[in-house]
Amino acid sequence: MEGAQADVLAPARPIEVSVVMPCLNEQGSVGVCVRKAVAGLAAAGASGEVVVVDNGSTDDSAEVARAAGARVVPESRRGYGNAYLAGFAAARGRLIVMGDSDDSYDFSDLSALLAPLRAGRADYVLGSRFAGSILPGAMPWLHRYVGNPALTGVLNRLFDVRSSDAHSGMRAFSREAYLRMRLRCEGMELASELVIAAGRAELRIEEVPITYHPRVGDSKLHSLRDGWRHLRFMLLLAPRHLFVLPGLVLLVLGLLGQAVLLPGALDLGFHRLDLHFSILFALMALLGWQVVLLGVCADVHNHTAGWPERRRWPLPQIHRSFTLERGLALGGLLFGLGFVVDVVVLIRWLANDLGPLDEMRPALLAMTLMVLGAQTAFGSFFLRLLTAGPSGEHQRATARPTPPPADRPLGGGPSGGPSDGPTPLAGGTPPASGALPAGGTLPAGGTPPARSTSSADASALGGHARETARSAPGTFGF
Ligand SMILES: Nc1nc2c(ncn2[C@@H]2O[C@H](COP(=O)(O)OP(=O)(O)O)[C@@H](O)[C@H]2O)c(=O)[nH]1
Ligand SMILES: [Mg+2]
């Protein structure tokens with residue numbers, strides 16, 4: 001290492017920028033990428049380092065990267081996310097730049113990416129290929145016109161962000177922003193998680209256009225498998241969209257439809273809505289409420305596991321007003337109403353000397369109400385288990401004062417919001433947060449439990465099967 005390169009990589013000043021690259025068998029390109037990054041740091045006037053995370057390469061990637069001037073960090077756990085998490089944890093710079101080691105991103109031009117961070121305007125900068133240019137052969141047609149736009153659209157819609165290229169591999173953010181994002185995805189989903197977490201942490205985000213080049217060597221991406229993994233990840237983190245809103249629509253339509261058809265068939269001119277539609281509406285109401293209840297439980301689970309959704313109607317409202325007793329009262333009321341309707345049917349039948357019975361519509365309504373009531377009552381027990389535990393121990397545990405780590409005040413502010421202090425990088429103990437008031441009522445807002453980034457729960461990724469690390473009981477945090 002000579003001259004300018006030595007100044008950049010072994011600076012007398014503190015390290016300003018760490019360029020982090022994951023690498024799995026990229027011996028044909030990683031050397032070029034490291035050299036370009038060194039040149040890019042020098043051109044941007046930044047003291048810096050290049051960290052290449054060798055993700056178990058079986059070729060000469062590590063030697064090539066080292067020879068080009070990179071610090072090579074080994075990460076034996078496979079996966080794009082694992083590689084990046086190891087690289088971020090090893091990075092020493094105040095700012096972090098991330099990008100593939102396949103020469104598809106131009107590291108020799110870092111100034112534009114760093115400018116918003118350096119100016120203090122942004123915490124997180126996305127290099128957007130769709131706002132910039134995609135060179136011929138850089139992105140397959142399917143990814144360019146179907147996969148990327150569709151997944152970016154879904155992500156923007158579900159998580160209320162505005163990203164033009166949610167799966168771009170080139171981004172830059174401050175160390176503080178990285179700590180606030182509490183990343184944990186082990187695989188490709190990390191690209192989605194970065195966008196979601198940046199939004200959740202209320203980071204100031206800017207996009208700069210970049211050029212996407214054809215990669216050197218074989219892509220590690222499997223279009224369908226990885227596309228589905230992104231979609232699955234997003235859906236699991238958005239119980240409001242996956243369960244609650246569709247469930248509410250079904251429930252309301254089902255109840256309205258049944259109410260309209262209760263007095264008798266409805267003639268629409270071209271068709272008479274009769275008993276079959278009553279059955280359909282009953283099915284919709286039952287299915288809808290079942291799905292809503294699952295969504296409420298899924299949302300509680302996600303908070304407990306440290307994957308909070310940004311608070312949006314109607315979940316905070318439901319959580320705020322829930323207590324087991326209220327749930328049982330509502331369930332009992334619905335069940336009772338249905339029972340009364342059935343009793344009326346029985347009385348009419350008896351009055352008719354047990355003659356021919358033609359009370360399908362009220363009987364269907366009774367069934368709907370009774371099942372809704374029973375679902376509500378049993379669902380309330382389950383929700384109480386999730387939120388408070390059988391004897392309220394979750395609430396007591398969260399109410400017990402836990403000394404906060406020196407650098408992280410205990411929560412109370414908005415989830416992952418700007419008021420959050422830094423979180424331990426790796427191996428940190430999840431602190432209890434956001435004490436629950438007595439009675440099982442769940443406040444909306446508050447701070448989710450901090451999670452170890454190295455032993456991530458990764459439940460939204462099927463990580464329960466892989467990981468044993470769980471948040472301690474009582475770390476329920478809204
Ligand atoms: N897909 C994948 N990429 C990895 C892994 N470990 C490291 N990488 C690196 O992550 C970057 C992204 O992978 P790539 O095949 O370029 O995916 P694409 O850019 O989405 O087509 C490359 O630099 C890979 O070498 C891994 O386990 N899976
Ligand atoms: Mg790539």
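This is a predicted model: local features need pLDDT of at least 70, side-chain atom pairs count only at pLDDT 80 or more; totals for chains, interfaces and linings use all residues.
Figure 1. In β6, the bridge partner of Leu126 is Arg171. β5 and β7 pair in the parallel sense, over 7 bridges. β5 (residues 124–134) and β6 (residues 171–174) pair in the antiparallel sense, over 3 bridges. Strands of a sheet pair through backbone hydrogen bonds, and the sense may be parallel or antiparallel.

**Figure 2. Seven strands make an open sheet.** The 7 strands follow the order β3-β2-β1-β4-β6-β5-β7. Their pairing is mixed. Which strands stand at the edges? They are β3 (71–74) and β7 (205–212). Each has a single partner strand, so one side of each is left without a neighbour in the sheet. From one strand to the next, the twist averages 25°.

**Figure 3. A shell of residues surrounds ligand 1.** The ligand is surrounded by 18 residues. The closest are Pro22, Leu24, Asn55, Asp100 and Lys220. What is the make-up of this shell by class, nonpolar, polar and charged? The residues divide into 7 nonpolar, 5 polar and 6 charged. Two elements, β1 (17–23) and α4 (80–90), each supply at least two residues of the shell. Strand β1 also belongs to the open sheet, where β1 comes between β2 and β4 in the strand order.

**Figure 4. Helices α10 and α11 cross.** Helix α10 covers residues 239–261, and helix α11 covers residues 275–304. Their axes come within 6 Å. They cross at roughly 155°. An angle over 145 degrees counts as roughly antiparallel, and therefore α10 and α11 are roughly antiparallel to each other. The crossing is left-handed. By class, the contact of α10 with α11 has 24 nonpolar, 8 polar and 2 charged residues.

**Figure 5. Helix α11 also packs on α14.** Here the angle is about 5°. The axes of α11 and α14 lie 10 Å apart. Are the two helices roughly parallel or roughly antiparallel to each other? Angles under 35 degrees count as roughly parallel, so α11 and α14 are roughly parallel to each other. Their contact has 18 nonpolar, 7 polar and 1 charged residues.

**Figure 6. Helices α13 and α14 pack together.** Helix α13 spans residues 324–351. The axes of α13 and α14 are 7 Å apart, and the packing angle is about 160°. That angle makes α13 roughly antiparallel to α14. The crossing of α13 past α14 is left-handed. By class, their contact has 22 nonpolar, 8 polar and 2 charged residues.

Figure 7. Helix α14 runs over residues 360–387 and has 28 residues. How far does α14 reach from its first C-alpha to its last? The reach is 40 Å, close to the 40 Å expected at 1.5 Å a residue. An α-helix has 3.6 residues a turn, so residues three or four places apart point the same way. After α14 comes Gly389, whose phi is positive, near 80°.

**Figure 8. Two loops hold backbone features to look for.** Most residues other than glycine have a negative phi, and most peptide bonds are trans. Arg182 has a positive phi, near 50°, and is a residue other than glycine. Where is Arg182 found? Arg182 sits in the loop between α7 (175–181) and α8 (190–200). Now turn to the other loop. The peptide bond from Trp313 to Pro314 is cis, with omega near 5°. Pro314 lies in the loop between α11 and α12 (315–321).

Definitions and conventions
Residues are numbered from 1 along each chain as its sequence is written. Chains are lettered from A and ligands numbered from 1 in the order in which they are written. A residue is near a molecule or strand if its C-beta atom, placed from the backbone, lies within 6 Å of it. Helices (H or I, at least four residues) and strands (E, at least two) are DSSP runs, numbered from the N terminus. Ala, Val, Leu, Ile, Met, Phe, Trp, Tyr, Cys and Pro count as nonpolar, Asp, Glu, Lys and Arg as charged, and the others, Gly among them, as polar. Two strands pair if DSSP finds at least two bridges between them. Axes are lines fitted to C-alpha atoms, for helices over the stretch in contact, and angles run from 0 to 180 degrees between N-to-C directions. The expected span of a helix is 1.5 Å times one less than its number of residues. Angles under 35 degrees count as roughly parallel, over 145 as roughly antiparallel, 65 to 115 as roughly perpendicular and the rest as oblique. A crossing is left-handed if the near helix is turned anticlockwise from the far one by less than a right angle, and right-handed if clockwise.
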